[in-house]
Amino acid sequence: PPQSTTVSLPGGLCGIVATEPSNATERTRRLPDEKTWHDLISQIANHPSAIPGYDVLKYSGGNEVFRATLTWGPGHEPKSIDVACKKTVSSGGLKGLADAFRISRARKNFDRGLILMNAGIATPRPLAAIDRTKPRANWLITEFLPELVDLDRIALADLPQIPRDRQRKAKNSIIAITADLFARLDKNGLFHRDLKASNILIDGWQRSDQSPRIVLVDLDGLQQKALIGHDCFKPIVRLTASLLDYPILTNTDFARFLKSYLATTADSAWRDHFCSLSQAAMGYSEKSRARKSHKFDGYT
């Protein structure tokens, strides 16, 4: 497995990067070594638009998410890896001052990614977490996984487009792997407070020749915290609330998911929980709409 090493570069750049074990040969090496990382990090922090394949996926107030292809190695057969980079710029004022004394978001999510991988839960492989002191910013660099579609889009756009006779099988496949993801998080004492549909990526859900793959992203809400009692259902309420508005999903689908999830626990009374969880999800959804309503003020 990859190992990590700390790096420090001119310009106030420092952080941690993933490298291959020292006994890996150059022929089999899939990740940059420490010296190569120095050059790549400098490009990412200072001249990202010059990196091959640079494509901004999201931008807001200096924060951005972009994909690119990192290339290294001498000769006519250079190595390369597609990456996603998430840049976060620290706020000003008291919040920015407090951020200076905290572990950066990039480093936290780098460590969370390793925790998930060690637990056997798929997530984009964390490759580097870089901090810069002035102006303060941080970068999380992970492997870019193509052909993955988030559950939100599947429910909104993709499922309604396939023939009705295939929808039931596709739904059952998605329900099974999503319930398994929740069970794996529980088993490893992990809690994701924002486990909504857009943070769950799925690949291969329409193929009959292979099992679908499910990947968890956006790890800001991940905590090493075992839930007890009714709190165990908070992630289910959050996921259900994020999918309530899609006609393709029915109460039967949510009941199937709940039954599948509880089959991995000692609790088999899914019928007893279904009504209360449905009501909780609707309440959560309504509160979420109320919180966001100001964003639409002035629009008709």
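This is a predicted model: local features need pLDDT of at least 70, side-chain atom pairs count only at pLDDT 80 or more; totals for chains, interfaces and linings use all residues.
Helix H7, which covers residues 251–262, comprises 12 residues and spans 16 Å from its first C-alpha to its last, close to the 16 Å expected at 1.5 Å a residue. The buried residues of this helix are Asp253, Phe254, Ala255, Phe257, Leu258, Tyr261 and Leu262. Two packed helices are described by the angle between their axes and the distance between the axes. For H5 and H7, the angle is about 40° and the axes lie 9 Å apart. This value falls between the limit of 35 degrees for a roughly parallel pair and the range of 65 to 115 for a roughly perpendicular one, and H5 is therefore oblique to H7. The crossing of the two helices, H5 and H7, is right-handed.

Aromatic side chains provide a further view of the fold. A pair of aromatic rings is described by the distance of the centres and the angle of the planes. With ring centres required to lie within 6.5 Å, the model contains three aromatic pairs. In one of them, formed by Tyr54 and Phe66, the ring centres are 5.1 Å apart and the planes meet at 50°, so the pair is classed as tilted. Tyr54 belongs to the loop between helix H1 (34–46) and strand E3 (55–60), whereas Phe66 belongs to strand E4 (residues 63–72), so that the pair ties together parts that are 12 residues apart in sequence. The two partners can also be described by their accessibility: Tyr54 is partly exposed, with a relative accessible area of 26%, while Phe66, at 0% relative accessibility, counts as buried.

Phe182 and Phe257 form another aromatic pair, with 5.4 Å from centre to centre and 80° between the planes, an arrangement that is edge-to-face. This pair links distant parts of the chain, since Phe182 is in helix H5 (residues 164–187) and Phe257 is in helix H7, 75 residues apart. Phe182 has a relative accessible area of 3% and is buried, and Phe257, with a relative accessible area of 7%, is buried as well. Ring pairs join Phe182 and Phe257 with Tyr261 into a cluster, and Tyr261, like Phe257, is among the buried residues of H7. An aromatic ring is also involved in a contact with a charged group: the charged end of Arg67 sits over the ring of Phe144, at 4.0 Å from the centre of that ring.

Attention may next be given to the backbone. Most residues other than glycine have a negative phi, and most peptide bonds are trans. In the model, a cis peptide bond joins Lys134 and Pro135, with omega at about -15°; Pro135 lies in the loop between strand E6 (126–132) and strand E7 (137–143). Glu147, although not a glycine, has a positive phi of about 65°. Glu147 is located in the loop between E7 and strand E8 (149–150), and with a relative accessible area of 66% this residue is exposed. Asp218 likewise has a positive phi, near 55°, in a residue other than glycine. The position of Asp218 is in the loop between strand E11 (213–216) and strand E12 (222–223), where its relative accessibility of 33% counts as partly exposed.

Several separations in sequence can be set beside the corresponding distances in space. Val65, in strand E4, is partly exposed, with a relative accessible area of 22%. Although Val65 and Lys86 are 21 residues apart in sequence, their C-alpha atoms are 4.4 Å apart in space. Ala241, which lies in helix H6 (residues 234–243), is buried, with a relative accessible area of 9%. Between Ala241 and Ala197, the separation is 44 residues in sequence and 9.1 Å in space, C-alpha to C-alpha. Lys169, placed in helix H5, counts as exposed at 61% relative accessibility. The C-alpha atoms of Lys169 and Trp205 are separated by 9.4 Å, with the two residues 36 apart along the chain.

Conventions. Residues are numbered from 1 along each chain as its sequence is written. Side-chain values use heavy atoms; hydrogens and water are left out. Helices (H or I, at least four residues) and strands (E, at least two) are DSSP runs, numbered from the N terminus. The expected span of a helix is 1.5 Å times one less than its number of residues. Buried means under 20% relative accessible area, exposed over 50%, partly exposed in between (1.4 Å probe, protein chains only). Rings of Phe, Tyr and Trp (its six-membered ring) pair if their centres lie within 6.5 Å; planes under 30 degrees apart count as stacked, over 60 as edge-to-face and the rest as tilted. A charge sits over a ring if NZ of Lys or CZ of Arg is within 6 Å of the ring centre and within 35 degrees of the ring normal. Axes are lines fitted to C-alpha atoms, for helices over the stretch in contact, and angles run from 0 to 180 degrees between N-to-C directions. Angles under 35 degrees count as roughly parallel, over 145 as roughly antiparallel, 65 to 115 as roughly perpendicular and the rest as oblique. A crossing is left-handed if the near helix is turned anticlockwise from the far one by less than a right angle, and right-handed if clockwise.
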